Amino acid sequence: MYYFDKFIKSVTDSLFPVRCAMCKRDEFLLCPNCEKLLKTNSNTLPDKTYAKYSYKDLTTKNILFKLKYKHHKNLSEVMGKYSSDFVKENIINKYNLQNKNYILVPIPLSSRRLKERGYNQAELISCGIDRERTLNILTRYKDTHRLKDAKNIDERHLELANSFDINKEELYEYLNKNNTDLNNLYVILIDDITTTGATFYKCKNLLQGHGFDDNKIFCFALAH
Ligand SMILES: [Zn+2]
């Protein structure tokens, strides 16, 4: 089996060689040197929301475009890995979550869009940060248009209304397994980009409406 796996890997490697998305050097999807060139976000975001990179930076924009629309699936997880220290420092350590029950909840795609794209980039980013704690307790049953297509912020808020729901089965299975309840559960919502914060806001509201403690909900996006 070991040799067979190695054989498969060598075939896929030669068909789809791993190259840095920026400098095209071999072996990295995004090499550490290029990652350092990405501009970090310097804006303070409201409501316990954090973003690592700046979306105003063209390179960051390019990388995010690739992982979202160009099927650079594995790049999402790599970006998540590059963000794990940031999340640890700005959320987990800062709010002393180390010994608490906390989960990473990716902002979901609708099943239609998931089928089209084949993966949810937010879920892969989340897995890159911490696979063990990634839990899909949200579902989405309505697509929103791409942000650039929405005419204004109000329109986007309107579009997001009633788009999400809780995956109760997944949630209660987790609570039972970890012998805990909603009052003691911390949530970090994960997305690729946050602009107006409307999506995070909507999901936070939904969680609150289901009994989650607002003070225990945090948000992380790769870029703002
Ligand atoms: Zn590179």
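The crossing of helices H4 and H6 is right-handed (near helix turned clockwise from the far one by less than a right angle; anticlockwise is left-handed). The model is predicted: local features need pLDDT of at least 70, side-chain atom pairs count only at pLDDT 80 or more, and totals for chains, interfaces and linings use all residues. Residues are numbered from 1 along each chain as its sequence is written. Helices (H or I, at least four residues) and strands (E, at least two) are DSSP runs, numbered from the N terminus.

**Packing of H4 with H6**

- Helix H4 (residues 73-93) packs on helix H6 (residues 121-130) at an angle of about 45°, and their axes are 6 Å apart; axes are lines fitted to C-alpha atoms over the stretch in contact, with angles from 0 to 180 degrees between N-to-C directions.
- That angle makes H4 oblique to H6 (under 35 degrees is roughly parallel, over 145 roughly antiparallel, 65 to 115 roughly perpendicular, and the rest oblique).
- Residues in contact (C-beta atoms, placed from the backbone, within 7 Å) include Ser76, Met79, Ser83 and Val87 of H4 and Leu124, Ile125, Cys127 and Ile129 of H6.
- By class, the H4 and H6 contact has seven nonpolar, seven polar and four charged residues; Ala, Val, Leu, Ile, Met, Phe, Trp, Tyr, Cys and Pro count as nonpolar, Asp, Glu, Lys and Arg as charged, and the others, Gly among them, as polar.

**Packing of H3 with H4**

- Helix H3 (residues 58-69) and H4 pack at an angle of about 130°, with axes 7 Å apart, and the two are therefore oblique to each other.
- The crossing of H3 and H4 is left-handed.
- Ile63, Lys66 and Leu67 of H3 make the contact with Leu75, Ser76 and Met79 of H4.
- The H3 and H4 contact comprises four nonpolar residues, one polar and one charged.

**Strands S1 and S6**

- Strand S1 (residues 49-53) is largely enclosed by the rest of the structure, because five of its five residues are buried (20 or more other C-beta atoms within 10 Å; 12 or fewer is exposed, in between partly exposed).
- S1 and strand S6 (residues 217-223) run parallel and are joined by four bridges; strands pair if DSSP finds at least two bridges between them.
- Thr49 has Cys219 as its bridge partner in S6.

**Surroundings of Leu185**

- Leu185 lies in strand S5 (residues 185-193) and is buried, with 22 other C-beta atoms within 10 Å.
- Not counting residues up to four places away in sequence, Leu185 touches Asn101, Ile103, Thr180, Phe212 and Lys216.
- Leu185 and Lys216 are 31 residues apart in sequence, and their C-alpha atoms are 7.1 Å apart in space.

Terms used:
Contact = placed C-beta atoms within 7 Å.
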